[in-house]
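Me: I have a model open and would like to learn how to read it. Can we take one feature at a time?

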Amino acid sequence: MAIFQTKKFRPSSYESSIASRYRAALAKHPFALFGLPFIATMVLGSFFLTPATALRYERHDRKVKTMTEDEKLGIGKDRRRIDLKEEYYKLAAKDLDNWEQKRVKRLPGEHDGVL
């Protein structure tokens, strides 16, 4: 039975290529040739991406602006002016002592609360 060689076949041009020299050096110094460039890429990438993320959030802040009290209440420019004296006289003219409590009609199947 034939025994296979453990040595891999490499063409003669492979020995002089950059890839073969890098692979041989990587076996001797793995952190310096793989780990350090990886960590440097991560750190420098975070510094380069910081302005891009800041721009993203600034655009979002421009879109979502703070609302004024009138906008919160839904009051537009075509609102009528309120006069406190006029509102006071309207309320004073109403008879607030004579009133009758009325029940709201319930939906079919809804419990009406009557015992």
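Reply: Start with Glu86, Glu87 and Lys90, which are linked in a network of salt bridges. A salt bridge here is a side-chain nitrogen of Lys or Arg within 4 Å of a carboxyl oxygen of Asp or Glu. This is a predicted model: local features need pLDDT of at least 70, side-chain atom pairs count only at pLDDT 80 or more, and totals for chains, interfaces and linings use all residues. Residues are numbered from 1 along each chain as its sequence is written, and side-chain values use heavy atoms, with hydrogens and water left out.

Me: How many salt bridges are counted by this rule?

Reply: Side chains of opposite charge can pair when their charged atoms come close. Here the count is 2 salt bridges. Lysine 90 meets glutamate 86 at 3.8 Å, N to O. Lysine 90 also pairs with glutamate 87, with the closest N and O atoms 3.9 Å apart.

Me: Why are lysine 90 and glutamate 86 separated by about one helical turn?

Reply: Because they are 4 residues apart in helix α4, residues 84-93. Helices are DSSP runs (H or I, at least four residues) and strands likewise (E, at least two), numbered from the N terminus. Lysine 90 and glutamate 87 are 3 residues apart in helix α4, again about one helical turn.

Me: Which aromatic rings form a pair?

Reply: A pair of aromatic rings is described by the distance of the centres and the angle of the planes. Rings of Phe, Tyr and Trp (its six-membered ring) pair if their centres lie within 6.5 Å; planes under 30 degrees apart are stacked, over 60 edge-to-face, the rest tilted. The count is 1 aromatic pair. Tyrosine 88 and tyrosine 89 form it, edge-to-face, at 5.5 Å centre to centre and 65° between the planes.

Me: Is tyrosine 88 buried or exposed?

Reply: Buried means under 20% relative accessible area, exposed over 50%, partly exposed in between (1.4 Å probe, protein chains only). Tyrosine 88 is exposed, at 55%. Tyrosine 89 is exposed too, at 55%. Lysine 90 is partly exposed, at 43%.

Me: What is the pattern of the protein chain, read along the sequence?

Reply: The pattern is α-α-α-α. The chain has 4 helices and 0 strands. Buried residues make up 2% of its 115 residues. Its C-alpha trace spans about 115 × 45 × 25 Å along the principal axes.

Me: Where does UniProt place the "transmembrane region"?

Reply: The unreviewed UniProt entry places this feature at residues 31-55. Over residues 31-55 the chain is 100% helix, and the end C-alpha atoms are 35 Å apart. UniProt positions use the numbering here, feature names are shortened, and annotations may be inferred rather than shown by experiment.
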